[in-house]
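Subject: Structure handover

Hello,

Here is the structure I said I would pass on. My notes on it follow below.

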Amino acid sequence: MDINLRVAVEKDCVRLLELINELALYEKAPEEVTVTLAEFVDAGFGEKPVWKAFVAEENEVIIGFALFYTRYSTWKGCRLYLEDFIVTEAYRGKGVGKILFEKVIEEARDNNYNGMTWQVLDWNEPAINFYNKYNAYIESGWLNATFSKAQTKNL
């Protein structure tokens, strides 16, 4: 396999959203993807971009990506937050994830972040096993809390 790793560009957004939907389906929550293509593009390439991503491609087809941004912790300081990390199903187990994940670790190190944070579902054994190979500390005890856009308008 000849994998090309590069920074995502605006024209990649359509494919990235396809992969986001693939991930949501795998995580049993396809209805949770509500971001529009226009919102996604603006958040990454508009006036105030908030995310950056690395893409892995073979034969100019994106087969995986890792999307991240800066998160500030009052306890830890600036940390790289890995929001989404996916390799399309046909390419899993072939080392593509390792290449992407290590590129994100490199980004955190090279930019002097105080660490790196991400989430993994407690039932996602393949992902947990992958992260365990890196001796990642997987927390327990914290529950995620969210408001939808509609809730913020109605409160």
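How many salt bridges does the count come to? The model is a predicted one, and the count comes to eight salt bridges.

Salt bridges

Three residues, Arg6, Asp12 and Glu57, are joined in a network of salt bridges. Arg6 pairs with Asp12, and their closest N and O atoms are 2.7 Å apart. Arg6 also meets the side chain of Glu57 in a salt bridge, at 3.1 Å from N to O. This second pair links distant parts of the chain, since Arg6 lies in strand E1 (residues 4-7) and Glu57 in strand E2 (residues 52-58), 51 residues apart.

Arg6, with a relative accessible area of 21%, is partly exposed.

Another salt bridge joins the side chains of Arg15 and Glu18, again with 3.1 Å from N to O. Both residues belong to helix H1 (residues 13-26); they are three residues apart, and therefore separated by about one helical turn. Arg15 counts as partly exposed, with 23% relative accessibility. Glu18 is also partly exposed, at 42%.

Surface patch

Which residues form a nonpolar patch on the surface? They are Tyr26, Leu121 and Trp123, and together they have about 250 Å² of accessible area. Leu121 sits in the loop between strand E5 (116-118) and helix H4 (125-132). Its relative accessibility is 31%, so Leu121 counts as partly exposed. That value also passes the patch cut-off of over 30% relative accessible area.

Pocket

The second largest pocket holds about 330 Å³ of space. Its lining includes Glu31, Glu32, Thr34 and Glu39, and Thr146, Phe147, Ser148 and Lys149 also line this pocket. What kinds of residue make up the lining of the second largest pocket? Four are charged, three are polar and one is nonpolar.

Regards

Technical notes. Residues are numbered from 1 along each chain as its sequence is written. This is a predicted model: local features need pLDDT of at least 70, side-chain atom pairs count only at pLDDT 80 or more; totals for chains, interfaces and linings use all residues. Side-chain values use heavy atoms; hydrogens and water are left out. On a 1 Å grid over the protein atoms alone, a cavity is a set of points where a 1.4 Å probe fits but cannot get out, and a pocket is an open set with protein on both sides within 12 Å along at least five of seven lines; lining residues have an atom within 4 Å of a point. Grid points are joined across faces, edges and corners, and a volume is the space filled by probe spheres set on the points. Ala, Val, Leu, Ile, Met, Phe, Trp, Tyr, Cys and Pro count as nonpolar, Asp, Glu, Lys and Arg as charged, and the others, Gly among them, as polar. Patches are made of residues with over 30% relative accessible area and no salt bridge: like charges are joined within 9 Å, nonpolar side chains (Val, Leu, Ile, Met, Phe, Trp, Tyr) within 5 Å. Accessible areas come from the Shrake-Rupley method with a 1.4 Å probe; for residues, only the protein chains shown count as cover. A salt bridge is a side-chain nitrogen of Lys or Arg within 4 Å of a carboxyl oxygen of Asp or Glu. Helices (H or I, at least four residues) and strands (E, at least two) are DSSP runs, numbered from the N terminus. Buried means under 20% relative accessible area, exposed over 50%, partly exposed in between (1.4 Å probe, protein chains only).
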